[in-house]
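Here is a note to read alongside the model, point by point. Keep the viewer open and look up each residue as its name comes up.

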Amino acid sequence: RLVQLNGLKVVRAILYLMPDAPESTPERQEVEYARLLNNQPPLAAEKESKHFAQLQIRLAKLGCIDLVVACMSSENSDIILAAVMLSVTLLEGGCRPAQDMLGNVLSQSTSQPFFQQIHQVLEDSVAALKTQKRKIKQAAAERDANKAAGIASTGAELPSLGGSLLCMTELIKMMRRMCMGQHMLQDILRNQKLNQISINFLEEVVKYLVALEPELTVAIQDVDVVVVEG
């Protein structure tokens, strides 16, 4: 499992650092590595670097799309998260060839475990959201009670929703990139024709966002980027 996890992280790091690209100076790599650690998109992707796009396609063809799909069936939550984060970087900017390769894999009946895992992440995230909401409400009530009783506050901050929603946030980012450019992956996310169980994931995400909506305003005000970026 450790080898699998580190492998996913190394491939994603290669996409950021682009070791063979002419513009990849030590200074540039340092900037990109910092963005990797902060889970920000590669600067090369934002600048629409052709070398970044070529590297996306090259790694996708070398089997990284298959790697992502295979790792999504893992029982290890860290591996699942790393696989989703790698897929986000491979699809960054709406990389059409990577989208096509992923679409070809997910249009087959063998994609059932991939979609089952996405559904499980959705369910787990909703449960985590409800649990975290209870914690926030309880912490706020205790703070108000202490204030009414004249007891000095400890100054502890209320729990944030972001930490419990990281995997779901990355999953939504993956889906957004799957759908960029009106790709056929939109239809696959709505209906998995060859699978025994088909789930409309776009509807599921909308339901999730509706449940999260009351916290989005607060998250924006508090600059809780983990919640907002999804």
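In which helix does Phe52 lie? Phe52 lies in helix 4, which covers residues 50–71; helices (H or I, at least four residues) and strands (E, at least two) are DSSP runs, numbered from the N terminus.

1. Before you go on, a word on the source. This is a predicted model, in which local features need pLDDT of at least 70 and side-chain atom pairs count only at pLDDT 80 or more, while totals for chains, interfaces and linings use all residues. Residues are numbered from 1 along each chain as its sequence is written, and side-chain values use heavy atoms, with hydrogens and water left out.

2. Now the overall picture. Of its 230 residues, 41% are buried (buried means under 20% relative accessible area, exposed over 50%, partly exposed in between, with a 1.4 Å probe and protein chains only). The accessible surface is about 12700 Å², and carbon and sulfur atoms own 55% of that (the areas come from the Shrake-Rupley method with a 1.4 Å probe; for residues, only the protein chains shown count as cover).

3. With a relative accessible area of 3%, Phe52 is buried. Setting aside neighbours within four places in sequence, Phe52 is in contact with Leu15, Met18, Pro42, Ala44, Ala45, Thr89 and Glu92. Take Pro42 from that list: Phe52 and Pro42 are 10 residues apart in sequence, and their C-alpha atoms are 8.9 Å apart in space.

4. Met18, one of the contacts of Phe52, deserves a look too. Met18 sits in the loop between helix 1 (2–17) and helix 2 (26–37), and its relative accessibility of 4% counts as buried. Most residues other than glycine have a negative phi. Met18 is not a glycine, yet its phi is positive, about 40°. Asn39 also has a positive phi without being a glycine, in this case about 55°. You will find Asn39 in the loop between helix 2 and helix 3 (43–46), buried at 16% relative accessibility.

5. Next, the aromatic rings. A pair of aromatic rings is described by the distance of the centres and the angle of the planes. The structure holds 2 aromatic pairs (rings of Phe, Tyr and Trp, taking the six-membered ring of Trp, pair if their centres lie within 6.5 Å; planes under 30 degrees apart count as stacked, over 60 as edge-to-face and the rest as tilted). Phe114 and Phe115 make an edge-to-face pair, with 5.3 Å from centre to centre and 90° between the planes. Phe115 and Phe201 make a stacked pair, at 5.7 Å and 25°. Because Phe115 belongs to helix 7 (residues 112–148) and Phe201 to helix 10 (residues 201–221), this pair ties together parts that are 86 residues apart in sequence.

6. Phe115 has another partner, Asn195. Asn195 lies in the loop between helix 9 (185–190) and helix 10 and is buried, with a relative accessible area of 8%. Beyond neighbours within four places in sequence, its contacts are Gln108, Ser109, Ser111, Gln112 and Phe115. With Ser111 there is a polar contact between the two side chains, at 3.4 Å (a polar contact is a pair of N or O atoms within 3.5 Å; within protein, one must be able to donate a hydrogen and the other to accept it, and residues adjacent in sequence count only if both atoms are side-chain atoms).

7. Finally, helix 8. Helix 8 (residues 166–179) is largely enclosed by the rest of the structure, because 11 of its 14 residues are buried. Cys179 is one of them, with a relative accessible area of 17%. Just after helix 8, Gly181 takes a positive phi of about 75°.

Methods. Contact = heavy atoms within 4.5 Å.
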